[in-house]
Each structure stands twice: as C-alpha cells, then as structure tokens.
Amino acid sequence: MQNLSRRLAALDTSAGAALDVIAYFDRLAQSRAGLEQVVRGAAVLSGVPARLDDPARRIAIRVDAAGVRTTPDGPPDPRWPSVAVCGAVLRLETDRPTGQLDGMVLERAAITVDLVIARVRGGVPARRPDCAVVELAVDPAAEPQERERALRELGLAATDGARVVALADGDVMVDRGTRTVPGEGRRGVGPTVPAAELPRSAHEARVALRFTADGTAADPGPRVVHADDLGALVLLVAAVDAGAPPTADLRALLEAAQEVPHLLRTSTALVASVSVRAAAAELYVHHSTLQDRLDQAERVLGWSVRTTTGRARLQLVLAERLLRR
C-alpha cells in the first residue's frame with residue numbers, strides 16, 4: 001500500500017493522499033484503536049479539529065489539529081462537513097468547501113468508528129442503522145420479541161449465561177462471563193445471569209461503574225469493579241441519587257486532600273489492603289513511612305483510620321467521593 005501510494009503521489013497528489021488516508025485508518029482498525037484515536041486521526045489528517053458527538057450515549061470527543069484532546073466548546077456548527085455513524089455524528093470543524101481529502105477522511109474514519117463500536121459491543125456487526133443490538137438486549141423497556149431477536153443476533157439463547165460490562169464512555173458490552181473483563185479503562189461488571197435477564201446485569205454493571213476510578217494519583221481506586229463485590233455499598237447509591245447533601249466526612253476528606261497530596265492514594269490503599277504493611281507494599285513505601293502518613297491523615301481528617309470502625313468510615317467516604325463525581 002505504501003509503495004503504491006508513493007507511485008500514485010508522483011502522478012496525482014490527491015490520489016496518493018487518499019490512499020494514505022485509507023492505509024492509516026486500516027492500521028487503526030487492525031491495532032484495535034479506540035474512538036479517541038480515530039477522531040485524532042481525522043483531525044491530524046484533515047488539518048482541522050475533529051469531533052464525535054453521541055448525546056444518547058454521552059460521548060463527546062474533540063481533538064484539535066495538533067492531535068490534542070480538548071473539551072467541545074458549544075454546539076456543533078451545521079455548516080461543518082459531517083457523517084452519521086451508529087447514531088453518532090463525526091464532524092470536521094471547518095467552513096472550507098469539502099474537498100476530496102476531507103470527504104475521504106470522514107468516510108474512512110466513520111467506517112473505523114463503526115468497527116470500534118462493533119468490537120466493544122461484543123464483536124457484533126452493526127446490522128441496524130442505530131447499532132442498537134446490544135441496547136435492545138439490555139433495555140428493560142424493550143418488547144420481549146425484540147429482546148429475543150437481539151439475543152439471537154448476539155448468538156445467545158434466553159437461558160445462556162451472560163453478563164454486561166459497562167464502560168466509562170457510556171457504552172456497554174455483553175459477554176459470556178469469562179475470567180477476562182473485556183474493554184479498556186474504567187469498567188463496571190454486572191453479574192452473570194440468564195441472557196433473558198441482561199437488563200438486570202446492565203443496571204448493576206452501571207452501578208458498579210460508578211465505584212470505579214482512573215487508578216491515578218489524582219483519582220485512585222480500582223479501574224474494574226464487579227457488582228457482586230459491592231454488597232451493602234450499593235445503599236450509598238440510593239442516598240446520593242436521592243439528593244442527600246455531601247457528608248461532613250467527605251468535605252473533610254476533600255479539604256484535607258488539598259493540603260496532603262498523597263492522602264487519597266494512601267487512604268485508598270489502606271482500605272483495600274489486609275494490613276498496614278500490605279498497604280505499604282502496595283504504595284511502594286516503607287512501613288514506617290506509611291505510619292507517618294497515617295498519623296498525618298488522622299490529624300487532618302479528625303478520626304482514627306487504623307481502627308476497624310475508622311477504616312470502615314474511610315471506606316464509605318472514599319466510595320461517596322466516587323459516586324459524587
């Protein structure tokens with residue numbers, strides 16, 4: 001492909017560029033790239049910002065011409081060249097007339113977006129214009145006949161065991177409950193149920209997703225959470241969603257985290273470990289260093305974090321932090 005591209009470019013610059021576009025997005029598809037990488041490719045190849053909007057799934061990805069992801073600033077301009085794909089719209093933020101290259105970039109990027117969505121939804125090709133096969137299978141309001149049809153397209157019988165994995169971008173996947181959790185980034189994993197009960201698994205997967213974190217120093221915590229492991233913590237969800245104000249403990253934690261940068265990561269490691277020594281190993285610090293950190297945490301928080309009650313209190317407030325993001 002590269003040799004042919006170079007030969008054509010010598011004869012026809014636009015033809016060579018078009019083949020480069022095709023080859024680029026083919027490589028993205030083969031490397032199992034994500035949606036952001038596809039949008040970035042569209043922006044860099046076209047030389048203008050690119051944007052993928054899917055309000056129904058709460059996806060809004062914008063990448064500028066330099067390849068940097070930025071926040072969309074306002075609604076899209078209807079004059080921008082665009083293409084619809086799987087219920088979403090891919091746009092190039094430019095008022096210039098749509099030339100052959102822009103058209104090729106949009107077309108190939110849209111094909112790659114379709115492939116990405118098909119892959120993260122369990123590898124099911126988009127047979128419906130709105131790519132709603134998985135959504136039908138997990139929608140509690142869907143007609144039974146429609147859900148059965150969706151299950152058949154997913155290769156599932158009503159009694160087959162399956163589960164739903166909720167992704168941070170609002171998407172969901174259906175799999176047969178293997179040990180490996182598919183997807184990347186934050187994931188909430190619903191329980192394995194008969195496929196006819198996938199709406200229940202989807203609901204619990206989305207709840208579990210709310211307890212996940214990016215796993216960074218600024219947002220420490222598990223990237224993958226199984227609904228089956230939450231137990232009574234799910235009671236917090238109802239309280240937060242009912243509009244209960246933030247607890248005094250949460251306010252204290254967030255204020256203290258501004259003063260003590262390592263507080264969130266230290267606290268998360270402590271409640272997730274069987275002992276202080278295990279937490280020190282998780283944090284790659286000496287046991288005495290962690291003891292000093294815990295002394296500091298207790299001073300700024302106002303309660304002991306080393307007692308059974310104190311650790312439970314800390315676990316609850318860390319969970320509340322995630323739920324209120």
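Q: Is Arg321 buried or exposed, and what is its relative accessible area?

A: Some ground rules come first: this is a predicted model, where local features need pLDDT of at least 70 and side-chain atom pairs count only at pLDDT 80 or more, while totals for chains, interfaces and linings use all residues. Residues are numbered from 1 along each chain as its sequence is written, and side-chain values use heavy atoms, with hydrogens and water left out. Buried means under 20% relative accessible area, exposed over 50%, and partly exposed in between, with a 1.4 Å probe and protein chains only. Arg321 has a relative accessible area of 11%, so it is buried.

Q: Which residues does Arg321 touch?

A: A contact means heavy atoms within 4.5 Å. Leaving out residues up to four places away in sequence, Arg321 touches Ala218, Asp219, Pro220, Leu250, Leu253, Leu254 and Leu264. Arg321 and Asp219 are 102 residues apart in sequence, yet their C-alpha atoms are 9.8 Å apart in space.

Q: Where does Arg321 sit, and how many residues has α13?

A: Helices (H or I, at least four residues) and strands (E, at least two) are DSSP runs, numbered from the N terminus. Arg321 is in helix α13, which has 16 residues. The expected span of a helix is 1.5 Å times one less than its number of residues.

Q: What does the span of α3 look like by the same rule?

A: The twelve residues of α3 (35–46) should span 16 Å; the end C-alpha atoms are 17 Å apart, which agrees. Leu35, Val38, Val39, Gly41, Ala42, Ala43 and Ser46 are its buried residues. Gly47 follows α3 and has a positive phi, near 80°.

Q: Which side chain makes a polar contact with Arg163?

A: A polar contact is a pair of N or O atoms within 3.5 Å; within protein, one must be able to donate a hydrogen and the other to accept it, and residues adjacent in sequence count only if both atoms are side-chain atoms. The side chains of Arg163 and Asp175 are joined by such a contact at 2.8 Å. The Arg163 side chain also reaches the backbone oxygen of Thr178 at 2.9 Å. Arg163 lies in strand β6 (161–167) and counts as buried because its relative accessibility is 5%.

Q: What about Glu93: where is it, and which side chain does it pair with?

A: Glu93 is in the loop between β5 and α4. Its relative accessible area is 13%, so Glu93 is buried. The side chains of Glu93 and Arg62 form a polar contact of 2.9 Å.

Q: What is the volume of the second largest pocket?

A: Rolling a probe the size of a water molecule over the atoms shows where empty space is left. On a 1 Å grid over the protein atoms alone, using a 1.4 Å probe, a pocket is an open set of points with protein on both sides within 12 Å along at least five of seven lines, and lining residues have an atom within 4 Å of a point. The second largest pocket has a volume of about 630 Å³. Its lining has 24 residues, with Gly221, Pro222, Thr268, Val271 and Ala272 nearest the centre.

Key: Grid points are joined across faces, edges and corners, and a volume is the space filled by probe spheres set on the points.
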